[in-house]
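Morning, everyone. I'll take you through one model today. Have a look at it first.

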Number of protein chains: 4
Amino acid sequence: MIQITYIQIDNFGPFTEEMGNYREHKIQILLSEIFIFLQKQFNRYGGLVFSASKDNMIAVSNGISIKHHQLFINKLEKNFPITVSMGIGTGNTPLNAQIEASDVLIAKGSAQSSRKKVLAYNGHKLPIKNSVKVAHVDINFYTKLATDVNPFYKNYIDLNRGYLTLMESFQTIGVLCFFNGGDNFICVCPPSMEPDDLIPTMKLFEFKHKPWKLKAGVGVGDNILEAISKANICLKEIRENHNTKQLMVLN
Amino acid sequence: MIQITYIQIDNFGPFTEEMGNYREHKIQILLSEIFIFLQKQFNRYGGLVFSASKDNMIAVSNGISIKHHQLFINKLEKNFPITVSMGIGTGNTPLNAQIEASDVLIAKGSAQSSRKKVLAYNGHKLPIKNSVKVAHVDINFYTKLATDVNPFYKNYIDLNRGYLTLMESFQTIGVLCFFNGGDNFICVCPPSMEPDDLIPTMKLFEFKHKPWKLKAGVGVGDNILEAISKANICLKEIRENHNTKQLMVLN
Amino acid sequence: MIQITYIQIDNFGPFTEEMGNYREHKIQILLSEIFIFLQKQFNRYGGLVFSASKDNMIAVSNGISIKHHQLFINKLEKNFPITVSMGIGTGNTPLNAQIEASDVLIAKGSAQSSRKKVLAYNGHKLPIKNSVKVAHVDINFYTKLATDVNPFYKNYIDLNRGYLTLMESFQTIGVLCFFNGGDNFICVCPPSMEPDDLIPTMKLFEFKHKPWKLKAGVGVGDNILEAISKANICLKEIRENHNTKQLMVLN
Amino acid sequence: MIQITYIQIDNFGPFTEEMGNYREHKIQILLSEIFIFLQKQFNRYGGLVFSASKDNMIAVSNGISIKHHQLFINKLEKNFPITVSMGIGTGNTPLNAQIEASDVLIAKGSAQSSRKKVLAYNGHKLPIKNSVKVAHVDINFYTKLATDVNPFYKNYIDLNRGYLTLMESFQTIGVLCFFNGGDNFICVCPPSMEPDDLIPTMKLFEFKHKPWKLKAGVGVGDNILEAISKANICLKEIRENHNTKQLMVLN
């Protein structure tokens, strides 16, 4: 089982309207500050937040209790001119847990309404304390193949194409995939997934996005931060062996 | 003419390796802090930064001098454990200006090398002081059609699909398009573009991403912040008229 | 105005079931024979049939009367163990005419039912006798860039990718696009379309499907066969001038 | 092992140029007649031809000797104003066999040259006499979900989108997939492939092309015609059980 928290800024669209028209830069700064704030809260207890669509975020929150979630919500209100709501979901796959997290929050009212500071979850025993499995996927020689040779915007479109392939194909095996900057994709995996199950998607990516090749480090840890830590060790080892392997696992 | 600054964190991959394996959350916070810092610097002089791929950013920098760019670079070094380099490009379209900005920076050395704090530009007279044209595009009734009804990750994939359509199609008319959170796309347009030239891309989006429909507010201003400000006024007016119009322009 | 005929083999799925399990090759031969038969019927009166999804075909039928359509249907029944139904639609664009052609036929009953030999149309005066505008689009140096260097199946996937871009983008301006073998795309255009309106789609194709470049010959004729004939003259002239032009028109 | 024949009409582009400008309908008829002719030749010995890009075709030719291939080529020349060349390839997957078939033919000269009636193959013992594995995939309730409700061209674009997903994803496991009309996809599989290996691609299709669902019948036979025959039996049984199963196999 895995636990996913879906974080939604309350009534964000109407709020930004009230910031006046001269606001785009202020919105971007506010969104980044909220992200940093939430990231630090979740990190303290071993969780990790993905910024996703900025006003809607996803956290892997294994081991983080309802009470702590409530504290995050309360604390955020004290630090920002706006509030957030959260839905906590659990499931045998990150995708299913995310779906539950969305369902419980959606049931509490519209994202653009008077709904404020909701913490939604269903009757499961929380928090889930299972270990977390993560794959850190990156593109071999990305700097040499892309950054150092093409105009940035071309690379950026190509990255987004590749990201879409990963998201679409990985979700068929219950994996949530997030772009974390550079050429780095963090893939939250079902605890029971065999690492080899990542290969078909990686091959599809490589076919569709030539000449890019992928490698993946897979880590298992008590929480997502430890799991990524181990995945990073694998990725580094693959890199130091000149990317001859495509996949390494550290349980 | 328009002026685009391409911002690259120096040697970021190797730097993160030195942060130890237990680092993903620290990287995300650092990237957000750098973004906020740069956003504030550019905002002060009427510029706007798009986070793009996080370690590589794009700014619309009309009116911002070489000297000010140099100050941003120096100031960032004092505030962070890492440095950035920048390339300034100009062109008749944002796409062409971006290409030049990449070209001049790439010519100064690899993103993963000892290259540090480079400010690259070619012999044009800088800064460009032209007015800026921007389209703010969003999806009609996105909250009702997506946020309030579907699991978030489904919406997120759909958004990324739509974003890709916008990027690919808009670039054929020289437009750079950035996702700025929620359902908001900021499109930096060629100064000479007719607003109607946005329509074919919007129609392509609507065909490929049913049932979503787009609207666009187009603004022209002395700098990008003012241009977006006017685009926001248009967008608000379309919204208040129940999205019956698809396009409004404020010069 | 343009006239489009939508041709549907009646109850084809269930019919093939009755052919026994050892049938796939027989189906393919039958479908090709039906296509040849219909092609010859429509050709005689200046029409052209596109095989499309094989059991559902599209014809440009300007100038072909209801009576002649009825004769085609009757004659086909005498020559084949199966029948076809047709819907005739008209519109200011080929896309709209196709939609009407589908609507009138769908209204007569399901494709898998006892419905047989239907000829559907609405109250417009038929046939439409307007001239027809067609673009013949092909890929520059396709043989050298693809056929002679890559495995066929790779080229075939790439062609299908490119075809999809053309279909999706052209339909936003009412154009129906059909792959006619090799690297040839026949694009049936609205009579009032400016040839330059084809350019954004061609640019989108070229961006997405590097290194392929497109050229287009545009012809206008009393019927589609004459229009394609003129489009071919244009295409040949572009080719003989080493593809330096992208678009030529012969009215 | 599997044996694939890649069939190429010799010098087809230049030949069509000589047909005069008023030719598109004649080309389409000629291509269909060549297809029927080749289909019948290969069928006689248990092979099956896929029309693919019309002037370039693919046949599954297990059990068909070099001598018979030569006879097909000679016989075609006597019946048509044009000739074909063929490359025979073998491999552990259809994809690899296709690549070899392309390689040996490409080595004999350009598709647009004086090269004529080439039969290319490498030193392997031919023909391959292994059994053939095929999946027949179709879309559940396609007539009700698509044909009977939407304009044809919309369905046709959607079908092409779906086909592309199948081609791209199946080729990562060595499968060649061909659209054979209606909603039918014939997938030529590696002899050693586990039928379950088809599932991830089918799930990807279902995710990307909602609300469509796929079923697959998998058959193994002495040649492709027998294999499809068995696949059809499976597909029928799934259909008669109201598509509750997704996959059935008959060895």
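A term before we start: I call a residue buried if 20 or more other C-beta atoms lie within 10 Å of its own, exposed if 12 or fewer, and partly exposed in between, with C-beta atoms placed from the backbone. This is a predicted model, so local features need pLDDT of at least 70 and side-chain atom pairs count only at pLDDT 80 or more, while totals for chains, interfaces and linings use all residues. Residues are numbered from 1 along each chain as its sequence is written, and chains are lettered from A and ligands numbered from 1 in the order in which they are written.

Let's begin with one helix. Helices are DSSP runs of H or I with at least four residues, strands are runs of E with at least two, and both are numbered from the N terminus. Take α4 of chain D, residues 94-106. Is this helix enclosed or open? Of its 13 residues, 10 are buried, so the rest of the structure largely encloses α4(D). Among the buried ones are D:P94, D:L95, D:Q98, D:E100 and D:I106. From first C-alpha to last, α4 of chain D reaches 18 Å. That is close to the expected 18 Å, taking 1.5 Å times one less than the number of residues.

Now the contact of chains A and B. Contact means that two C-beta atoms, placed from the backbone, lie within 7 Å. Chain B gives 58 residues and chain A gives 58 residues. On the chain B side, the elements that each supply at least two residues include α2 (24-44), β3 (56-60) and α8 (224-240). That side of chain B divides into 28 nonpolar, 21 polar and nine charged residues. Here Ala, Val, Leu, Ile, Met, Phe, Trp, Tyr, Cys and Pro count as nonpolar, Asp, Glu, Lys and Arg as charged, and the others, Gly among them, as polar.

Next, symmetry. Copies are superposed by least squares on C-alpha atoms of residues with pLDDT of at least 70 in both. Chain B lands on chain A with an RMSD of 0.0 Å, by a turn of 180° and a shift of 0.0 Å along the axis. In chain B, the C-alpha of B:S32 is nearest that axis, at 2.9 Å.

Last, the pairs without contact. None joins chain A and chain C, whose closest C-alpha atoms are 10 Å apart.
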